[in-house]
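Please look over the following structure before reading this note. The points are written for a reader who is new to such models.

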Amino acid sequence: MKRFMSVAMAVIMTAALCTASLVGSSASAVSSSALSIAPKKNYVIDPGDSVKDKLVIRNLDAAAPLELTMRVVDFTYTDDGGTPKLLLDPKVEQTTWSLKPYITLPEMVTIPAGGTKSVDMSVAIPENRGAGSLYSAIVYSTGAGGADNMSNVGLSASGVTLVFATIPGKVNEDLRIEKFGPYSKESRAYMGYFNVAEPQAMAYTLKNNGNVAEAPVGSITLKGWFGKEYRIDEVNPAKSLALIGQTRRFEACIKAKEQEEKRDSNVTPTTCISPGLWPGLGRGYDTATADLYYGQNGNPTQEIIKTVGFWYLPWWFIAVLMVVLAVAAFYIWKLVRKIRHALYGPQGKTRKKASRR
């Protein structure tokens, strides 16, 4: 089983590197209306080995040539949602996961109007480099050194190629779950223990203390006192990565739109709809259990299990419950009066007997 999970994780890791979601803006990045590039490059390289590749760059402007400056920079993250940022300041300290020293490519390239050009690049890993994940970004800008005057900014997929390298071997894998529970995509925040809005998504936050980027897989199961059991198999629908040192939040719909579930597997189902949870006593106290796995090929598969509980109590249910409680209290009061009357008789006669004594 562990061997199977390790192989599966290796496949998922490769897919994750190819499909990691990176969003942002860059003032000097080349507009996507004029440039067509590969958004990501992914390699598996043994220590002491190298790979040679080509960057295919296309000028979409049929009227004018495109002069590009290319340079390698590191990138990191800005929040637990996975939003990365480029470290464009040339004086910034190199990250511990930097691939920058090992990438070779030309500084300048000119693409003719409406034309395409293949640019040679190589990635060489030294023999003494240990196993783990390394990554940096190739930034394309118009003019020489245009990006040097910029501070750290968000990453733009139109003017950047992300380069990931996985170095096989025994790695330090250490993912810790920091938070887990129902999640509101509208407010972009975890929901509470008592909820008046129906949870439509679950989320979990992982801290990566290892030296390799990880893409968790697994399942989340929701159980109540009554009603249907819900199982979420796409716990990482975007195949996103928890980068080295990153605290990353992963979100998954309890139920996604049916057309999203059935269409091409390359498109992730991210539009959540009502799963039809019954509130209060109709379903009861819900427990959610996350059973997550991660691990690189050749390393033991790691498992994370976390269970939380929550109530779904919408305002209409609270109102109905209050009415039911009020009616129940009224009939209990009437029953108490009836019992007292049977035992002691009318209150008036009771008082007269007491005064005669």
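The numbered points below go from the whole chain to single elements.

1. This is a predicted model, in which local features need pLDDT of at least 70 and side-chain atom pairs count only at pLDDT 80 or more, while totals for chains, interfaces and linings use all residues. Residues are numbered from 1 along each chain as its sequence is written, and side-chain values use heavy atoms, with hydrogens and water left out.

2. The protein chain contains four helices and 20 strands. Helices (H or I, at least four residues) and strands (E, at least two) are DSSP runs, numbered from the N terminus.

3. The chain has 357 residues, of which 43% are buried, that is, under 20% relative accessible area with a 1.4 Å probe, protein chains only. Of the contacts (heavy atoms within 4.5 Å) between residues at least 6 apart in sequence, 74% join residues at least 24 apart.

4. Helix H3 covers residues 315-344, which makes 30 residues. From first C-alpha to last, H3 reaches 43 Å, close to the expected 44 Å; the expected span is 1.5 Å times one less than the number of residues. After H3 comes glycine 345, with a positive phi near 80 degrees.

5. Four strands form an open sheet in the order E13-E12-E15-E18, with antiparallel pairing. Its edge strands, E13 (189-190) and E18 (247-253), each pair on one side only; two strands pair if DSSP finds at least two bridges between them.

6. Within this sheet, E12 (residues 175-184) and E15 (residues 201-208) are joined by eight bridges in the antiparallel sense. Tyrosine 183 lies opposite alanine 201 of E15.

Key. Buried means under 20% relative accessible area, exposed over 50%, partly exposed in between (1.4 Å probe, protein chains only).
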